[in-house]
Amino acid sequence: MGKRALVAYGTKSGATGEIAAAIGDVLAQAGLDVDVRRAGHVRGVENYDLVVLGSAVYMGRWLHEARRLLSRRDLEGCEVWLFSSGPVGEQARGREGEKWTRPPRITRRGERIGAHDHVVFGGSVSEHGGGFLRRNMAKSIDPAFRDLRDWDEIAVWASKIASAHAE
Ligand SMILES: Cc1cc2nc3c(=O)[nH]c(=O)nc-3n(C[C@H](O)[C@H](O)[C@H](O)COP(=O)(O)O)c2cc1C
């Protein structure tokens, strides 16, 4: 049996869950034994060799469920890989203010527990569903820039994780 991997994610509207699923697919194809779960549904990480943990970023912060999982003591004994997801809109790529896309507290916590990475992937906003703020934000963005999740970039990162944990 391959190494056991958990891909856990914090989400409000589902976009980050799809990123987690894509990462999980790559790890599973590489022969790892993978669970993909919402961070709030994870009871413990002691059964896993590696944990990929990500969150959607809102107002410069990770979501509570993901922060909570990141602060767990038992995570300190795991191989950990972190991702944030959020930037949308035309300015997203060259945007100043890294702290709004890669929350510094998360990076620091990652460094303390020896996480391998804290990468940032583009996010997605939809004008359907969600609250007033989300719908307004989506409407203010050119439709071509509402979903900036780059599936190739995500797959490349996941392959790097898979290679780092090859048997
Ligand atoms: C009210 C609001 C605030 C947001 N704040 C940020 C932010 O500070 N930084 C960022 O990178 N993305 C921000 N975003 C974009 C979201 O992180 C992005 O839409 C993400 O993909 C949502 O993921 P989810 O569907 O998994 O919740 C914000 C979106 C909304 C609607």
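Predicted model: local features only at pLDDT ≥ 70, side-chain atom pairs only at ≥ 80, totals over all residues.

User: What makes β3 and β4 a pair, and how do they run?

Analyst: Two bridges join β3 to strand β4 (residues 61-62). A pair needs at least two bridges, so this one qualifies. The two strands run antiparallel. They form a hairpin with two residues between them. Met-59 sits in that turn, and its phi is positive, about 50°.

User: Which other strands pair with β3, and in what sense?

Analyst: Strand β1 (residues 4-10) pairs with β3 in the parallel sense, over six bridges. Here Gly-10 has Ser-55 in β3 as its bridge partner. Strand β5 (residues 79-85) also pairs with β3 in the parallel sense, over seven bridges. There Gly-54 has Phe-83 in β5 as its bridge partner.

User: Why is strand β3 called largely enclosed?

Analyst: Count its buried residues. Strand β3 spans residues 50-58, and eight of its nine residues are buried, so the rest of the structure largely encloses it. Buried means under 20% relative accessible area.

User: How do you know that Arg-4 and Asp-49 form a salt bridge?

Analyst: Their closest N and O atoms are 3.4 Å apart. The limit is 4 Å, so the pair passes. This pair links distant parts of the chain. Arg-4 is in strand β1, while Asp-49 is in the loop between β2 (33-38) and β3, 45 residues apart.

User: Are Arg-4 and Asp-49 buried, exposed or partly exposed?

Analyst: Arg-4 has a relative accessible area of 31%. Asp-49 has 28%. Both values lie between 20% and 50%, so both residues are partly exposed.

User: What makes Arg-102 and Glu-98 a salt bridge?

Analyst: The closest N and O atoms of Arg-102 and Glu-98 are 3.0 Å apart. That is within 4 Å, so the label holds. Arg-102 is partly exposed at 26%, and Glu-98 is partly exposed at 46%.

User: Why does Arg-146 count as buried?

Analyst: Its relative accessibility is 14%. The cut-off is under 20%, so Arg-146 counts as buried. Glu-127, at 29%, counts as partly exposed.

User: How do you know that Arg-146 and Glu-127 meet in a salt bridge?

Analyst: Their side chains meet at 3.1 Å, N to O. This is within 4 Å, so it counts. Arg-146 lies in the loop between α4 (132-139) and α5 (151-164), and Glu-127 in the loop between β6 (118-121) and α4, so the pair ties together parts 19 residues apart in sequence. There is also a network: salt bridges with shared partners join Glu-18, Asp-147 and Arg-149.

User: How many salt bridges does a search of the whole structure find?

Analyst: Eleven salt bridges turn up in that search.

User: Which residues gather in the patch of positive charge?

Analyst: Arg-61, Arg-105, Arg-108 and Arg-112 gather there, on the surface. Helix α3 (residues 104-112) gives the most, with three residues.

User: Why is Arg-105 called exposed?

Analyst: Its relative accessible area is 64%. Arg-105 lies in helix α3.

How values were computed
Residues numbered from 1 in each chain as written. Heavy atoms only, no water. Patch = residues over 30% accessible without salt bridge, like charges linked within 9 Å, V, L, I, M, F, W, Y side chains within 5 Å. Areas by Shrake-Rupley, 256 points an atom, 1.4 Å probe, with all protein chains shown as cover. Lys, Arg positive; Asp, Glu negative; His and termini not counted. Charge placed at Lys NZ, Arg CZ, Asp CG, Glu CD. Helix = DSSP H or I, 4+ residues; strand = E, 2+ residues; numbered from the N terminus. Buried < 20%, exposed > 50% of the residue type's maximum accessible area, 1.4 Å probe, protein only.
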